[in-house]
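Dear colleague,

I am handing over the structure below, and my notes on what was found in it follow directly after.

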Amino acid sequence: MKGSERGCFLATYKELNERVGRPVESAFVLCKGNGSVFLSAPHAFEHIRDGQAKTAEPGSGVLAIMLGEELGCSYAYTSSRGNDPNWDHRSEYRDAVHDAIRSCGCKYLLDLHQLSPVRDVDIDLGTADGNNLVGQDWMTALMVEEFVLQGFGKVFVDEPFAARKPQTVAASTALTCGIPAVQVEINSRYLTQGYEGFAPWRVYDALAHIVQSLEERAVR
């Protein structure tokens, strides 16, 4: 992304980051697109896990919106304080995502999350040891390559989070909808202003290339 484009990107990113951080009446926002990739951000807003408040991951929601609007993807993100769609055994968010995937004919799910900035990991791709890829194992290499090309050196698979639990968005989608689903964990220092590594455009570019590659595969 060039300097002038980066300036426009950051202005939009900041505006959306503030919007995602403001609660609305609905528990989540879901927008249907015309593409084959569904983008999910179940922790965009602060959530409750086992009675404890968990920190919001607004950058994940912003990326879902920006990629969805630019590339025509369907997307969803949480928009008010509620239960944890990636943890609880029952979730209206997960149900709505699955319904939208079926109705839109989506063929892939990317479930976006943020890692703690203290973790010595840039990107973690959770595949449940490949089980959530439902036979499409080539996705892992494709995604790792795109993140490495954007300068991310520590790109891991299933470490530290693998999305093995059946109530995660990724695992439940793979099981319920029968499509490849990857939990994409992004270190928060790249998405949160104030950190030395702040560079959300790099994450966006990697994800955009991944989405475009998946769209090309979907029409073959």
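Serine 40 stands opposite aspartate 111 in β7, where strand β2 (residues 37–41) and β7 pair in the parallel sense over four bridges; two strands count as paired if DSSP finds at least two bridges between them, and strands are themselves DSSP runs (E, at least two residues), as helices are (H or I, at least four), numbered from the N terminus. Please keep in mind that this is a predicted model, in which local features need pLDDT of at least 70 and side-chain atom pairs count only at pLDDT 80 or more, while totals for chains, interfaces and linings use all residues. Residues are numbered from 1 along each chain as its sequence is written, and side-chain values use heavy atoms, with hydrogens and water left out.

β7 also pairs with β10 in the parallel sense, over seven bridges, and there leucine 112 has valine 184 as its bridge partner. Eight of the eight residues of β7 (residues 108–115) are buried, so the strand is largely enclosed by the rest of the structure; buried means under 20% relative accessible area, with a 1.4 Å probe and protein chains only. Both faces are covered, with Tyr108, Leu110, Leu112 and Gln114 on one side and Leu109, Asp111, His113 and Leu115 on the other.

Serine 188, in the loop between β10 (181–187) and α6 (200–218), is likewise buried, with a relative accessible area of 10%. A polar atom of its side chain lies 2.7 Å from the backbone oxygen of leucine 115, and, leaving aside neighbours within four places in sequence, serine 188 is in contact (heavy atoms within 4.5 Å) with Gln114, Leu115, Pro117 and Tyr195.

Best regards

Methods:
Buried < 20%, exposed > 50% of the residue type's maximum accessible area, 1.4 Å probe, protein only. Polar contact = N/O pair within 3.5 Å; in protein donor to acceptor, adjacent residues only side chain to side chain.
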